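Okay, thanks for making time, everyone.

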Amino acid sequence: MYKILRAEELTTNIYLFEVEAKRVAKACEKQGFLTRTFTSKEIEAFRNKPQSLAGNFAVKEAISKCFGTGFRGFELTDIEVLREDNGKPYVNLYNGAKHMYDTLNGTNIFVSITNTEEYAMAMAVIEKIEE
């Protein structure tokens with residue numbers, strides 16, 4: 001059963017985050033950073049694509065800011081960023097990040113990633129129901 005929401009019941013948290021792609025690429029040379037930051041699916045899909053890993057990192061930062069906590073209460077690997085066949089990014093939340101999302105009464109997460117040679121930037125939008 002669906003509930004029709006009035007506009008004042010639905011709000012959004014929006015955040016942009018930009019990161020230097022070379023810094024993330026350099027950090028990814030260290031196995032410890034790679035496994036603390038990215039899930040096994042992310043590593044498998046993007047190990048040889050440092051720009052994509054930088055974009056994923058930016059998404060994780062943007063989502064953590066949307067939560068209003070930074071990375072307190074969950075791990076970086078609790079946010080997984082993958083791509084649909086057409087390249088559109090999507091997010092899977094686990095453990096503490098899923099709990100944060102549920103606590104916010106989240107209904108949808110939308111992310112967008114853009115890259116230049118020097119930077120990766122991500123925008124995250126969390127729709128939530130106001131109680």
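Helices (H or I, at least four residues) and strands (E, at least two) are DSSP runs, and they're numbered from the N terminus.

Housekeeping next. This is a predicted model, so local features need pLDDT of at least 70 and side-chain atom pairs count only at pLDDT 80 or more, while totals for chains, interfaces and linings use all residues. Residues are numbered from 1 along each chain as its sequence is written, and side-chain values use heavy atoms, with hydrogens and water left out.

The chain has five helices and five strands, and reading from the N terminus the order is β-α-α-α-α-β-β-α-β-β. The C-alpha trace spans about 45 × 25 × 25 Å along its principal axes. How does the radius of gyration compare with that of a compact globule? For 131 residues the globule value would be near 14 Å and the chain has 15 Å, so the two agree. That radius is taken over C-alpha atoms, and the globule rule is 2.2 Å times the number of residues to the power 0.38.

On burial: buried means under 20% relative accessible area, exposed means over 50%, and partly exposed is in between, with a 1.4 Å probe and protein chains only. By that count, 43% of the 131 residues are buried. The chain exposes about 8,100 Å², and carbon and sulfur atoms supply 51% of that. Those areas come from the Shrake-Rupley method with a 1.4 Å probe; for residues, only the protein chains shown count as cover.

Contacts, meaning heavy atoms within 4.5 Å. Take the ones between residues at least 6 apart in sequence: 56% of them join residues at least 24 apart.

Strand S2 is residues 79–83, and it pairs with S3 in the antiparallel sense over five bridges. Why call S2 largely enclosed by the rest of the structure? Because four of its five residues are buried.

S4 covers residues 106–115 and S5 residues 119–129; they run antiparallel, with nine bridges. Within that pairing, Phe-110 stands opposite Val-125 in S5.

Stay on S5 for a moment, because Met-121 lies in that strand. Its relative accessibility is 30%, so Met-121 counts as partly exposed. Met-121 and Ala-58 are 63 residues apart in sequence, yet their C-alpha atoms are 6.0 Å apart in space. Leaving out residues up to four places away in sequence, Met-121 touches Phe-17, Glu-18, Ala-58, Ser-112, Ile-113 and Thr-114.

Over to helix H4, residues 50–67, which holds Ser-64. Is Ser-64 buried or exposed? Buried, with a relative accessible area of 0%. Beyond its neighbours within four places in sequence, Ser-64 is in contact with Thr-69, Gly-70, Phe-71 and Phe-74. Ser-64 and Phe-74 are ten residues apart along the chain, with 9.2 Å between their C-alpha atoms.

Asn-95 is in helix H5, residues 95–103, and at 61% relative accessibility Asn-95 counts as exposed. Asn-105 also has a positive phi, near 65°. Asn-105 is in the loop between H5 and S4, and at 26% relative accessibility Asn-105 counts as partly exposed.

That's my tour, so over to you.

Terms used
Pairing = 2+ DSSP bridges.
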